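Please look at the sequence and the structure before reading on.

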Number of protein chains: 12
Amino acid sequence: MSNHVYKKIELVGSSPNGIEDAVQNALSKAAETVRNMRWFEVVETRGYIENGKVAHWQVTIKVGFTVEDES
Amino acid sequence: MSNHVYKKIELVGSSPNGIEDAVQNALSKAAETVRNMRWFEVVETRGYIENGKVAHWQVTIKVGFTVEDES
Amino acid sequence: MSNHVYKKIELVGSSPNGIEDAVQNALSKAAETVRNMRWFEVVETRGYIENGKVAHWQVTIKVGFTVEDES
Amino acid sequence: MSNHVYKKIELVGSSPNGIEDAVQNALSKAAETVRNMRWFEVVETRGYIENGKVAHWQVTIKVGFTVEDES
Amino acid sequence: MSNHVYKKIELVGSSPNGIEDAVQNALSKAAETVRNMRWFEVVETRGYIENGKVAHWQVTIKVGFTVEDES
Amino acid sequence: MSNHVYKKIELVGSSPNGIEDAVQNALSKAAETVRNMRWFEVVETRGYIENGKVAHWQVTIKVGFTVEDES
Amino acid sequence: MSNHVYKKIELVGSSPNGIEDAVQNALSKAAETVRNMRWFEVVETRGYIENGKVAHWQVTIKVGFTVEDES
Amino acid sequence: MSNHVYKKIELVGSSPNGIEDAVQNALSKAAETVRNMRWFEVVETRGYIENGKVAHWQVTIKVGFTVEDES
Amino acid sequence: MSNHVYKKIELVGSSPNGIEDAVQNALSKAAETVRNMRWFEVVETRGYIENGKVAHWQVTIKVGFTVEDES
Amino acid sequence: MSNHVYKKIELVGSSPNGIEDAVQNALSKAAETVRNMRWFEVVETRGYIENGKVAHWQVTIKVGFTVEDES
Amino acid sequence: MSNHVYKKIELVGSSPNGIEDAVQNALSKAAETVRNMRWFEVVETRGYIENGKVAHWQVTIKVGFTVEDES
Amino acid sequence: MSNHVYKKIELVGSSPNGIEDAVQNALSKAAETVRNMRWFEVVETRGYIENGKVAHWQVTIKVGFTVEDES
């Protein structure tokens, strides 16, 4: 296990509900094509404003996943 | 639209409820005097503690808004 | 009051529920041994993923507390 | 002169032509209301893409200007 | 639109002509295989020197593009 | 009190005497127009040199002040 | 050569032996699917501890490789 | 001597007089319980404002001290 | 397991042999008094020079360990 | 070639024309006394303003050059 | 004047008296061999401790000076 | 000794063997012309890849040395 290699990709998830939901949305979309996702790191949190209110949150994360053996 | 100029101001919002609410409180107060707010970026998240519990969250954001034409 | 000295310690709290809960969990554990906690600063936000979903959030904070007089 | 006080504001200028033009656009707009602008610092450079080409550049700057005496 | 997920990739473009051209070269190459590129952020600007002159500029950018639905 | 909103502005103060005096000079000038200043953070310290000696110190600070109610 | 475009990916390699070996392990795994790797940059160095000893090193790198022509 | 191990702790000292005095106040308080303090690094400088004047300086430092042998 | 709380401490280890050995020396000394150390992060790498050669390496790490239950 | 040693120096170049010209001006001046300059990295971009227009750009770069053998 | 080229060097000055004095000591020593020093930027502030007191301050600065014409 | 002034220079050393060797190579080359080198700080670690293997490591360091008296 100490020889595992991981790859990290950078994603931006959005949600009108909040930070946690924006992260989950990014992970759900990524899970359609990426297997073995293990952890994420929040890189940036921002959002768009409409009429003085938060319209949606936009959270940038890095996601680490195990690089599988080719065989 | 590609010639828009934006100004960014730095605000600190507070709330006993959480990060999202602290951001919204800052935006609501700013909306009293600033028009055309477009986006925000979370710069710092901190909070005050009372009796071992989070008393209130304090979130610093930068808010970007369109600089309107003078005429 | 202007001569107070504070010490800051670094903690990592976890929670399946979200960022705010992870911070509170770290503070509750620290409150068992540390008195006079005054403020915290969020240093890093990350989490672990299971089956494409956030399994638990992991938030690193610095906590400041008053260094009490020795007498 | 060694007692001057300056204020710094943060602006985002845009231009389809390039970085230098985006900065100048921000300054031209600011010059409508701010006097005594002295220097700027480039904080961030980004841009929007349409059809695989840079549609417009977007440069964030801080602008320093002399705070004038009240009398 | 508030539920969009974006992926960011990191590219290095080169050009003997300048920063803007190096960025466009990176985007043009990426456009051969990546659809829906939306924005870029300049991460680093450097260059190589020959005979005391800039031989070519080398600009590192992050490019954000919409992750399309799988169906 | 936990719902206060603060605004932060960035100032540069100068003084031939030292860092503390440069900060106070910035605050004194700001106090002519800004009410309810609460705290400052030192962002950058630099200075100008004449004949091998520090001619004056130049300290950049961010100043936080309470945003007052509109009524 | 001055018009080359490079892509950078982020990998995490592990090894019980040390930093250099962890980097080489990440490169060896990547070489199974990526051609034309040219350089790497160490982003973060960390490790896991068992019984007071380093169990394995974990090094995050960015790897740059030439984006090949599509023909 | 080349095998010494040091521990670093983070402290915040305050003083109405200035930066140097705030650092010394933090060290004096720490010296009541920590032996063998060797060096400090200034991490952050800030302060509180009353009536447009610096009420007290608040300086965050890291202090390194030799970890003594257990026997 | 998702509710664990960790504390992080900052240590500086030294060794004439290299970076890995300096880290292990810091961990060995810490293991005399700290239980349940789980991971470390390298914060800074430096060293002292004698006669144009590296006399000893000095590596600053943060060490995370599980905060045990009080009962 | 893998044993080359490089030295990096920090320069600030100026130009009324733009960023690329400011960098080239710094290199041209350095080329009068430094041989074997190989690459540069842009560290900071700023400029001075006169009458609401960019008077000249000022770009800080680090320049790497091969340290030649003493014989 | 808009075509001036500056070089920046990094110095560490020391003083038992405080930050300002440590900076001046570095400048005084540099003035023995460097002409045309124009400005400095404080990069790092630290110090050594003896018997729980600051023994001397150690301030790292970057100093910018005009590169003179070769003729 | 508390009045010493140090100068810091930035070097890049290379080695096919590893990080420690790359640092020593930079110091050995510098020792040909610089006296009184006292310490170094690792600024950046990178390397070049050939055929999926590390061809050589390239480590950027800052080296501090005592500025000697002119007499």
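## Strand pairing within and around chain B

The model is a predicted one. The hairpin made by E2(B) and E3(B) leaves two residues between the strands, and Asn51(B) adopts a positive phi near 55° there.

E2(B) also pairs with strands of other chains. With strand E2 (residues 37–50) of chain A, the pairing is antiparallel and runs over three bridges, with Arg46(A) standing opposite Glu41(B). With strand E2 (residues 37–50) of chain C, E2(B) again pairs in the antiparallel sense over three bridges, and here Gly47(B) has Phe40(C) as its bridge partner.

## The interface of chain A and chain G

Between chain A and chain G, 13 residues of chain A are in contact with 17 residues of chain G. The size of an interface is often given as the accessible area lost when the parts come together. For chain A and chain G this buried area is about 1,200 Å², with 52% of it on carbon and sulfur atoms.

Two salt bridges are found across the interface of chain A and chain G, and Lys8(A) forms a salt bridge with Glu10(G), where the closest N and O atoms are 3.6 Å apart. Four residue pairs are in polar contact between chain A and chain G. On the side of chain A that touches chain G, the largest share, three residues, comes from strand E1 (residues 6–15) of chain A, while the residues of that side divide into four nonpolar, three polar and six charged. E1(A) is joined to strand E1 (residues 6–15) of chain G by three bridges, and the two strands run antiparallel; Tyr6(A), for instance, has Val12(G) as its bridge partner.

Lys8(J) lies in strand E1 (residues 6–15) of chain J. Its relative accessible area is 8%, so Lys8(J) is classed as buried, the cut-off being under 20%. The side chain of Lys8(J) makes a polar contact of 3.1 Å with the side chain of Glu41(J). Apart from neighbours within four places in sequence, the contacts of Lys8(J) include Trp39(J), Lys62(J) and Val63(J), as well as Glu10(L), Val12(L) and Thr60(L).

Chain A and chain H have no contact, their nearest C-alpha atoms being 22 Å apart. Chain C and chain K are likewise without contact, and their closest C-alpha atoms lie 15 Å apart.

Note on methods. Residues numbered from 1 in each chain as written. Chains lettered and ligands numbered in written order. Predicted model: local features only at pLDDT ≥ 70, side-chain atom pairs only at ≥ 80, totals over all residues. Heavy atoms only, no water. Contact = heavy atoms within 4.5 Å. Buried area = accessible area lost by both parts, 1.4 Å probe. Salt bridge = Lys/Arg side-chain N within 4 Å of Asp/Glu carboxyl O. Polar contact = N/O pair within 3.5 Å; in protein donor to acceptor, adjacent residues only side chain to side chain. Helix = DSSP H or I, 4+ residues; strand = E, 2+ residues; numbered from the N terminus. Nonpolar A, V, L, I, M, F, W, Y, C, P; charged D, E, K, R; others polar. Pairing = 2+ DSSP bridges. Buried < 20%, exposed > 50% of the residue type's maximum accessible area, 1.4 Å probe, protein only.
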